Amino acid sequence: MFTLPDLPYDYDALGAVISKEIMQLHHDKHHQTYVDKLNAAVESTPELAGQSIEQLLTNLTSLPESVRGAVRNHGGGHYNHSLFWQWMSPDGGGEPTGELAEAIIAKYGSFQAFVDEFTAKSLALFGSGWTWLQPDMSIVTTANQDSLLSQGLDAPILGLDVWEHAYYLDYKNRRDEYIKAWWNVVNWDFVANRLHS
Ligand code: MN
């Protein structure tokens with residue numbers, strides 16, 4: 001049985017960047033629905049009982065075809081959003097420090113060049129999906145709620161939800177403004193911790 005994790009801050013805590021209205025809808029409705037539909041899929045298939053969300057997504061192609069789509073979409077949605085809430089903080093923003101900063105600069109030349117590249121890939125993503133930073137500092141995107149775990153890749157250390165439901169109420173079609181503002185709430189401590197997890 002999977003459960004909806006609480007937000008690690010109040011619904012209005014990111015208010016200058018993401019409104020309380022979006023956070024309530026995104027967390028209480030969208031994420032809850034992913035959890036509910038994932039649970040329905042798992043309950044219909046006894047052999048999936050007891051598996052973690054990471055195990056389900058990593059072994060996606062070996063799951064029964066009857067539940068593969070539900071786990072891909074709703075399991076991916078649950079996994080992605082459970083991380084997304086933690087990648088943001090009202091105390092976030094600024095720049096990473098230490099080993100993470102060094103790794104970013106080694107790959108991109110500067111923190112700003114990394115931000116520009118991550119932003120460009122997020123803007124170029126057609127339709128709904130996510131942009132990810134990998135432990136090797138590469139930036140990749142996936143469509144819908146697809147998980148990198150299902151593609152044999154490492155778990156992401158940072159991710160951005162670029163579905164319209166993540167920003168439309170606040171920014172309408174201006175995905176560029178949403179992304180620009182989002183950098184002000186990125187929780188770099190959590191990103192740095194994932195580099196070693
Ligand atoms: Mn979302």
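A residue is called buried when its relative accessible area is under 20%, exposed when it is over 50%, and partly exposed in between, with a 1.4 Å probe and protein chains only. Helices (H or I, at least four residues) and strands (E, at least two) are DSSP runs, numbered from the N terminus. The model is predicted, so local features need pLDDT of at least 70 and side-chain atom pairs count only at pLDDT 80 or more, while totals for chains, interfaces and linings use all residues. Residues are numbered from 1 along each chain as its sequence is written, and side-chain values use heavy atoms, with hydrogens and water left out.

Strand 1 is covered on both faces: Gly 129, Thr 131 and Leu 133 are buried on one side, and Trp 130 and Trp 132 are buried on the other. In general, the side chains of a regular strand alternate between the two faces of the sheet. Because five of the five residues of strand 1 are buried, this strand is largely enclosed by the rest of the structure.

Two strands are said to pair if DSSP finds at least two bridges between them. Strand 1 (residues 129–133) pairs with strand 2 (residues 139–143) in the antiparallel sense, over five bridges. Within this pairing, Gly 129 has Ala 143 of strand 2 as its bridge partner, and Trp 130 stands opposite Thr 142. Strand 1 is also joined to strand 3 by four bridges, and these two strands run antiparallel. Here the bridge partner of Trp 132 is Gly 159 in strand 3. The three strands form an open sheet in the order 2-1-3, with antiparallel pairing. Strand 2 and strand 3 are the edge strands, each pairing on one side only. From one strand to the next the twist averages 20 degrees, where axes are lines fitted to C-alpha atoms (for helices over the stretch in contact) and angles run from 0 to 180 degrees between N-to-C directions.

Strand 1 and strand 2 form a hairpin with five residues between them. Met 137, in the loop between these strands, has a positive phi of about 75 degrees although it is not a glycine. Most residues other than glycine have a negative phi. Met 137 is buried, with a relative accessible area of 4%. Lys 172 also has a positive phi, near 55 degrees, and is found in the loop between helix 6 (168–171) and helix 7 (175–182). Lys 172 is partly exposed, with a relative accessible area of 42%.

The manganese ion has four protein donors, His 26 (NE2), His 81 (NE2), Asp 161 (OD) and His 165 (NE2), at 2.0 to 2.1 Å. Donors are N, O and S atoms within 2.8 Å of the metal (3.2 Å for Na, K and Ca); water is not among the atoms, so sites may look incomplete. Along the chain the donors follow the spacing H-x54-H-x79-D-x3-H. Distant parts of the chain are linked in this way: His 26 lies in helix 1 (residues 20–43) and Asp 161 in strand 3 (residues 158–161), 135 residues apart. His 26 and Asp 161 are both buried.

A nonpolar core is a set of buried Ala, Val, Leu, Ile, Met, Phe, Trp, Tyr and Cys residues joined through side-chain atoms within 4.5 Å. The largest such core has 61 residues, and those with the most contacts inside it are Met 88, Phe 114, Leu 158, Tyr 178, Trp 182, Trp 183 and Trp 188. Helix 1 gives the largest share of this core, seven residues. At least three core residues come from each of domain 1 (20–84) and domain 2 (98–194), whose bounds come from an automatic or database domain assignment. Beyond its neighbours within four places in sequence, Trp 182 is in contact (heavy atoms within 4.5 Å) with residues including Val 17, Phe 84, Met 88 and Leu 158. The C-alpha centres of domain 1 and domain 2 lie 21 Å apart. Their contact takes 19 residues from domain 1 and 23 residues from domain 2.
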